[in-house]
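This briefing is for a reader new to the structure.

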Amino acid sequence: MPRAVSSVRHLAARRGRLLGALSLALLLVLAVPGPALALRITPQSGGSPNADGIASLYEIVLVIATIIFVVVVGTLIYSLARFRRRKGAKAAQIHGNTRLELSWMLGAALILVVLAAITFLQLSDIQDPPNGGPNGLAIASGGKAAGSPGAVLTASTTAPSPPNGKKITINVTGRQFVWRYTYGPGFGSPYSYETMVAPADTVVVLRIQATDVIHSWWIPAMGGKFDAVPGYTNYTWFKAPMPKDPVNGKVYTGQCAELCGRQHANMYARVRVVSPSVFQAWLARQKVKIRDANRNAERLRQQLQAQGQIS
Amino acid sequence: MSATLEPTTVRPVPEVIAHEVRAPRSRHRWIDWVATTDHKRIGILYIVTTLVFFVLGGVEALLIRLQLGVPNNSLITPEHYNELFTMHGTTMVFLFVVPIMAGFGNYFLPLMIGARDMAFPRLNALSYWLLLFGGIVFYASIFFQPPEAGWFSYTPLSESTYTPSGGQDAWIFLIHITGISSLVGAVNFYATIVNMRAPGMSWSRLPIFVWTLLTYSILLILCLPVVGGAVTMLLTDRHFGTSFFNPSQGGSPLLWQHLFWFFGHPEVYIMILPGFGIISEVLPVFARKPIFGYKAVAASTVVIAFLSILVWAHHMFATPTPTVVLGFFMLSSFLIAVPTGIKIFNWIATLWRGTIVTATPLYFAAAFIVIFVIGGITGIFLAIFPVDWQLTDTYFVVAHFHYVLMGAAVFSIFAGLYYWFPKMSGRMAGERLGKASFWVMFIGFNLTFLVQHSLGLEGMPRRIYEYPVGAGWDTENLISTIGSFVLAVGIAMSLYNFARSIRHGAHAGPDPWKANTLEWFVYSPPPVNNFDVVPRVRSLEPMRDIRRQVARQTGQPAGTGDELTKV
């Protein structure tokens, strides 16, 4: 008799140890690094309504996913603990249960229908730009598609446009290993590299292209990635809120997200959002700078030609 | 037609029964291995070779993690870093996960269906040697210049303008050679399953692992020719002046992506479906219960395979693509969650009300479910294309597919290795070390990859060789690097366990797990001819029937010898 008791106790102890080990492991991998490090569990947002839309869609999915995870893994761990072999227990020889199986198939399908519905409901917030704000840059391009296709093929995707058609367009060109931004049409096509300057409260449409290999445009707080594929034009947009310091602006950072060669890690993308008036002043200065640089280059070329160093 | 209608008492055709055929030994034992057409030896060659590649790919992964352990690290040059992740991805996909499943299939498919060998034994040997030579061609590039355009080698980066080195060509030849190897193997599996099943083994009595191998083979036959064509086009682009993928000459870089992922996504299921099969074999044996909903589990395998060829463009959500196409591929990717969910529920229901024997294979199988649920759920996030715009090409994706492939596929492979080791070696693998190895692997795996979800959300893209100090990614990367070494220790413990147990393990006997399928009917390791007499199959669990029959014939009470008590 005592022997049987001790073996039962032994079994219970073993089960306890297993449960302990399991929960310790789960605790270790889930709980400890989690809150202690304040790990990010949702996408970044705040730089543009499309990023906010993605983040809120993600959060809904995260809630549903967490419930599913807890239920499924909870059931698994419960059955592993509850149905461990013990003396005298007999395994139930069940081959299946059609009704039960149909019900969880329908349950899974139902969850997916809900997810799809939520996604399509949220989609217009993410894909379609709203109107620019009252303080935004007021350039109406009359609802026409911004920019001409030029020498590149266009994909069947089209340039996004807000309901009132008021937007500005910046051309984003990826090449190994720098982003080039050309401002316009409507601004006389000044350009800059790596850091884009953009007006706040304005719908800024990006025409994304590449000249060599595939790159991917990504500023996490301003929305998702859009690949820059040679031979294609890809579009996205952002509408950044007015920064606290409208002169120096607020800088949003990101980097190229598609492997583009050895220095892929250092192909940064920055967007400095300033007030529309500061933006226009910057454009004017940039144009002067570009003009001066071109003149200097021209002068240098003429000098070198005169000295016979270049033909 | 219907084998079950034959009278069972009369042997219709006289047949010669050979007992315990042993192959004549050559003077040199290695010649026996090189010249072998025995499916079991080929299976072992496959498994050992692929494990060697697994270790190589693992070392590459550890180097990658070392480089990323601290910000602005200069341990590895950008060039070598790109080479490392290209070699790592390619090795793990083409030289480890896909072929080790073929290794299990080679060894156990004929045994499970009661055949004496594969349908085409010499083709079988050919497919192994092609795999080995494909791997050698690929790894030879490390003495020159390895490929560096990533395992999916997106054009135009992989074109000769941007990647002139021969390493890219070595990669192309690897795809060709291992592709032919897999094709030949897949045809062989298919022919064997269709034609060589034991009498009485109807389709509804086919072990789930064999069902998964059947779908694995069909998927390989459907999808490998596509990637074979694509890499040939890349080869002619690189060397013979064609412009399939060159936009300045009217080609399209997106064509490459469509062709590659048309193969590449089914490839994911090619890697994981046999893993599902292993889990579906292991769980019933250690729960001492039949698989719950056999037909649903088998049918969901086929449905997953079918849907898997309709989802490829979910790898391309950030490319210039019309919204309606994005929506289609989101919904088709969602659909896969239904048959996958059915499998998970049926596995848990298989454990429910069982008498679970906590042996090492069960540990790996149970952890497989946990890990696969996480990988599956993050897959739903990625299938929602607006959400994918944030997550694609970040460490979130890296975490997701390592949960599915490193976690789920590799844990299923280890479940299979521990489950079948006694059959292959005749010895039991050490249980204590096996369980210890399991816990170290499980903890190391989650340490490595769980934090990577956060890294992705914090903005860290894939495939960057360094990151600045201020990016805020330091702690997670350090945790991940430490975790990867813990994981490596866990894997090394298991490999040591196997190496040691081959000589020192307890003798296993033919049926140590009191399992359900026919491979446990024969000796461990099995004789060359497998079966002296092929038993007639009367249910999904022929071994269980045989044990009962033995108990009946020896006058013992029913259920004797059917209990799995000590492990």
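The model is predicted: local features need pLDDT of at least 70 and side-chain atom pairs pLDDT 80 or more, while totals for chains, interfaces and linings use all residues. Residues are numbered from 1 along each chain as its sequence is written, and chains are lettered from A and ligands numbered from 1 in the order in which they are written.

- The largest nonpolar core has 255 residues, and those touching the most other members are B:Val97, B:Val210, B:Val282, B:Phe364, B:Phe368, B:Ala408 and B:Ala415.
- Helix 12 of chain B (residues 395–425) gives the largest share of this core, 22 residues.
- A nonpolar core is a set of buried Ala, Val, Leu, Ile, Met, Phe, Trp, Tyr and Cys residues joined through C-beta atoms within 7 Å.
- Helices (H or I, at least four residues) and strands (E, at least two) are DSSP runs, numbered from the N terminus.

**B:Glu281**

- B:Glu281 lies in helix 7 of chain B (residues 253–287).
- B:Glu281 counts as buried because it has 27 C-beta neighbours inside 10 Å; the cut-offs are 20 or more for buried, 12 or fewer for exposed, and partly exposed in between.
- Leaving out residues up to four places away in sequence, B:Glu281 touches B:Pro207, B:Ile208, B:Phe209 and B:Thr517.
- B:Phe411 is 130 residues from B:Glu281 along the chain, and their C-alpha atoms are 14 Å apart.

**Helix 3 and helix 5 of chain B**

- The axes of helix 3 (residues 78–113) and helix 5 (residues 166–195) of chain B come within 11 Å and cross at roughly 20°; axes are lines fitted to C-alpha atoms over the stretch in contact, with angles from 0 to 180 degrees between N-to-C directions.
- Helix 3 of chain B is therefore roughly parallel to helix 5 of chain B, a term for angles under 35 degrees.
- Residues making the contact include B:Phe94 and B:Gly105 of helix 3 of chain B and B:Trp171 and B:Gly185 of helix 5 of chain B.
- By class, this contact has 11 nonpolar, 6 polar and no charged residues; Ala, Val, Leu, Ile, Met, Phe, Trp, Tyr, Cys and Pro count as nonpolar, Asp, Glu, Lys and Arg as charged, and the others, Gly among them, as polar.

**Contact between the chains**

- Chain A gives 79 residues to the contact and chain B gives 76 residues.
- On the side of chain A that touches chain B, helix 3 of chain A gives the largest share, 13 residues.
- The residues on that side of chain A are 47 nonpolar, 22 polar and 10 charged.

Note on methods: Two residues are in contact if their C-beta atoms, placed from the backbone, lie within 7 Å. Angles under 35 degrees count as roughly parallel, over 145 as roughly antiparallel, 65 to 115 as roughly perpendicular and the rest as oblique.
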